[in-house]
Amino acid sequence: MTNAEIKEFKNFLIQILVKNYKMSETKAYRAVRDSYLSEALKRDSDYVMHDTIDEWARFVFYELQNEQLLQM
């Protein structure tokens, strides 16, 4: 994936988190930025494309939820 494609993918993922998981845009942006997704994109962007955008949205959402639980 090119940098432009990665940016588009992340922006679309943010939109899905806002719409489907009722997150604010700021919270969704931070969740995507801080998630494993960013690391996976650096390592192998083709690996990321193996899963659907909806699966990544669910993964990022649950990753964020687990982080919040650990902070309690």
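The model is predicted, so some limits apply: local features need pLDDT of at least 70, side-chain atom pairs count only at pLDDT 80 or more, and totals for chains, interfaces and linings use all residues. Residues are numbered from 1 along each chain as its sequence is written, and side-chain values use heavy atoms, with hydrogens and water left out.

**How helix H1 meets helix H3**

- Helix H1 covers residues 3-21 and helix H3 covers residues 36-43; their axes come within 12 Å and cross at roughly 160 degrees.
- Helices here (H or I, at least four residues) are DSSP runs numbered from the N terminus, as are strands (E, at least two).
- Axes are lines fitted to C-alpha atoms, for helices over the stretch in contact, and angles run from 0 to 180 degrees between N-to-C directions.
- H1 and H3 are therefore roughly antiparallel to each other; angles over 145 degrees count as roughly antiparallel, under 35 as roughly parallel, 65 to 115 as roughly perpendicular and the rest as oblique.
- On the H1 side, Ile6, Phe9, Lys10 and Leu13 meet Leu37, Ser38 and Leu41 of H3, where contact means heavy atoms within 4.5 Å.
- Sorted by class, the contact of H1 with H3 has five nonpolar, one polar and one charged residues. Ala, Val, Leu, Ile, Met, Phe, Trp, Tyr, Cys and Pro count as nonpolar, Asp, Glu, Lys and Arg as charged, and the others, Gly among them, as polar.

**How helix H1 meets helix H2**

- The axes of H1 and H2 are 9 Å apart, and the two helices pack at an angle of about 130 degrees.
- H1 and H2 are therefore oblique to each other, and H1 passes H2 in a right-handed crossing.
- Lys10, Leu13, Ile14, Leu17 and Val18 in H1 meet Glu25, Ala28, Tyr29 and Val32 in H2.
- This contact of H1 with H2 divides into seven nonpolar, no polar and two charged residues.

**The largest nonpolar core**

- A nonpolar core is a set of buried Ala, Val, Leu, Ile, Met, Phe, Trp, Tyr and Cys residues joined through side-chain atoms within 4.5 Å.
- Buried means under 20% relative accessible area, exposed over 50%, and partly exposed in between (1.4 Å probe, protein chains only).
- The largest core holds 20 residues, of which Leu13, Leu17, Met23, Val32, Leu37, Val48 and Trp56 touch the most other members.
- H1, helix H2 (25-34), H3 and helix H5 (53-71) are the elements that give two or more residues to this core.
- Leaving out residues up to four places away in sequence, Leu17 touches Lys22, Met23, Ala28, Val32, Ala57, Val60 and Phe61.
- Val32 lies in helix H2 and counts as buried at 1% relative accessibility.
- With residues up to four places away set aside, Val32 touches Lys10, Leu13, Ile14, Leu17, Leu37, Ser38 and Val60.

**Residues around the start of the chain**

- Met1 sits in the segment before H1 and is partly exposed, with a relative accessible area of 31%.
- Apart from its neighbours within four places in sequence, Met1 is in contact with Ile6, Phe9, Leu41, Ser45 and Met49.
- Met1 and Met49 are 48 residues apart in sequence, yet 9.0 Å apart in space, C-alpha to C-alpha.
- Ile6, found in helix H1, counts as buried at 15% relative accessibility.
- Not counting residues up to four places away in sequence, Ile6 touches Met1 and Leu41.

- Lys22 lies in the loop between H1 and H2 and counts as exposed at 69% relative accessibility.
- The phi of Lys22 is near 55 degrees, a positive value in a residue other than glycine. Most residues other than glycine have a negative phi.
- Arg30 belongs to helix H2 and is partly exposed, with a relative accessible area of 47%.
- Arg30 and Leu64 are 34 residues apart along the chain, and their C-alpha atoms are separated by 9.6 Å.

Terms used
A crossing is left-handed if the near helix is turned anticlockwise from the far one by less than a right angle, and right-handed if clockwise.
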